Amino acid sequence: MQIQDILAVVSDEFQAVDRLIHTQLASRVPLVEKIADYIVSSGGKRIRPLLVLMTAKAFGQCNEQAVKLATVIEFLHTATLLHDDVVDTSDMRRGNPTANAKWGNAPSVLVGDFLYSRAFTMMVELGSLPTMNILSNATCVIAEGEVLQLTNVKNPDTSEAQYMDVIHGKTAMLFEASTHAAAALLQCTPEQSRAMQEYGKELGMAFQLIDDVLDYEGDAEAMGKNVGDDLAEGKPTLPLIHAMAHGNEQQRSLIRSAIRKGGLDDMADVLNAVRELGSLEYTRQKAYDCADRAQAHLQLLPDSEAKEALRALALLAVKRNT
């Protein structure tokens, strides 16, 4: 299955999500609507709402409630993007100027707050306390993950375990919440809910680990972001952590210095080091391990086209180049 085959499984429901997104963006303040529409319409893959729909489809209940939950998830994700770009002082996302680059930091943060509020209003309308519990907890974990990442910026002593904790919070948690909340909304068995929770978590971890690899060998135009952004911001991602653990004294010193000062002055030398030490392959293999575990958690699902699409999505997540 390719991504278009996966999308075809829930094409009608995906279109319904798109319509609901634009309906729920309505605001009496024109700038709120303008910025929110800009970021929501900027070409993202919408993997997280897709996970909600695919989970619901796999259990035979891809209804209006699932569409609303998928919209909630997309609003939560978009809000985090607005806030992240301000924190990271990013000026490009998905090949376009970021909202903060166009309108400034304050409007971007406040519109992020609007999207969070709109998401929680819709969450209440779902009328499912288990779903609300999962999503409210997820937003706390995501915020903690972002703060944890911020405290690790320019810290070359960040361990692999600490880094895995960061990416679980900042990226994998919303994947996990998407599938877990969908299972809770559908009142699946505890075993099924747990399986979908773990599937989403492992998929999200795989997705972020491949992002780490692509930061060093991706195509900037295809990705819509600058290659080397993580190093420029002084973020100690897994390829760097692995290289420092396995390199010689000169390589370790080079990478530690590059993390501490940020920027791209040492990009070529750092890239040579992570390639020579097999750090990109190590990170990619970690992603494949996560994808394998994600697929294993699908065994409790009844056989269906949606189940196969979820399995295919785990594989596509680690084979992508954008």
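Author: Helix 4 passes helix 9 in a right-handed crossing (right-handed if the near helix is turned clockwise from the far one by less than a right angle, left-handed if anticlockwise). Helices (H or I, at least four residues) and strands (E, at least two) are DSSP runs, numbered from the N terminus. This is a predicted model, where local features need pLDDT of at least 70 and side-chain atom pairs count only at pLDDT 80 or more, while totals for chains, interfaces and linings use all residues. Residues are numbered from 1 along each chain as its sequence is written, and side-chain values use heavy atoms, with hydrogens and water left out.

Reader: At what angle do helix 4 and helix 9 cross?

Author: The axes of helix 4 (residues 47-58) and helix 9 cross at roughly 25° and come within 8 Å (axes are fitted to C-alpha atoms over the stretch in contact, with angles from 0 to 180 degrees between N-to-C directions). So helix 4 is roughly parallel to helix 9 (under 35 degrees is roughly parallel, over 145 roughly antiparallel, 65 to 115 roughly perpendicular, the rest oblique).

Reader: Which residues make that contact?

Author: Helix 4 brings Ile-47, Arg-48, Leu-51, Val-52 and Thr-55, and helix 9 answers with Leu-174, Phe-175, Ser-178, Thr-179, Ala-182 and Ala-183 (contact means heavy atoms within 4.5 Å). Sorted by class, the contact of helix 4 with helix 9 has seven nonpolar, three polar and one charged (Ala, Val, Leu, Ile, Met, Phe, Trp, Tyr, Cys and Pro are nonpolar, Asp, Glu, Lys and Arg charged, the others, Gly among them, polar).

Reader: How does helix 5 pack against helix 9?

Author: Helix 5 (residues 64-87) and helix 9 (residues 160-185) pack at about 160°, axes 11 Å apart. That makes helix 5 roughly antiparallel to helix 9, and the crossing is right-handed. Gln-65, Ala-66, Leu-69, Ile-73, Leu-76 and His-77 in helix 5 touch Leu-174, Ser-178, Ala-181, Ala-182 and Leu-185 in helix 9. The tally for the contact of helix 5 with helix 9 is eight nonpolar, three polar and no charged residues.

Reader: And what is the angle between helix 10 and helix 17?

Author: Helix 10 (residues 190-217) and helix 17 (residues 305-319) pack at an angle of about 20°, their axes 8 Å apart. They're therefore roughly parallel, and helix 10 passes helix 17 in a left-handed crossing. Met-196, Tyr-199, Leu-203, Ala-206, Phe-207 and Ile-210 in helix 10 meet Leu-310, Leu-313, Ala-314, Ala-317 and Val-318 in helix 17. That contact of helix 10 with helix 17 has 11 nonpolar, no polar and no charged residues.

Reader: Which element gives the most to the lining of the second largest pocket?

Author: Helix 8, with six residues. The second largest pocket holds about 170 Å³ of space, and its lining includes Thr-80, His-83, Asp-84, Tyr-116 and Glu-146.

Terms used
On a 1 Å grid over the protein atoms alone, a cavity is a set of points where a 1.4 Å probe fits but cannot get out, and a pocket is an open set with protein on both sides within 12 Å along at least five of seven lines; lining residues have an atom within 4 Å of a point. Grid points are joined across faces, edges and corners, and a volume is the space filled by probe spheres set on the points.
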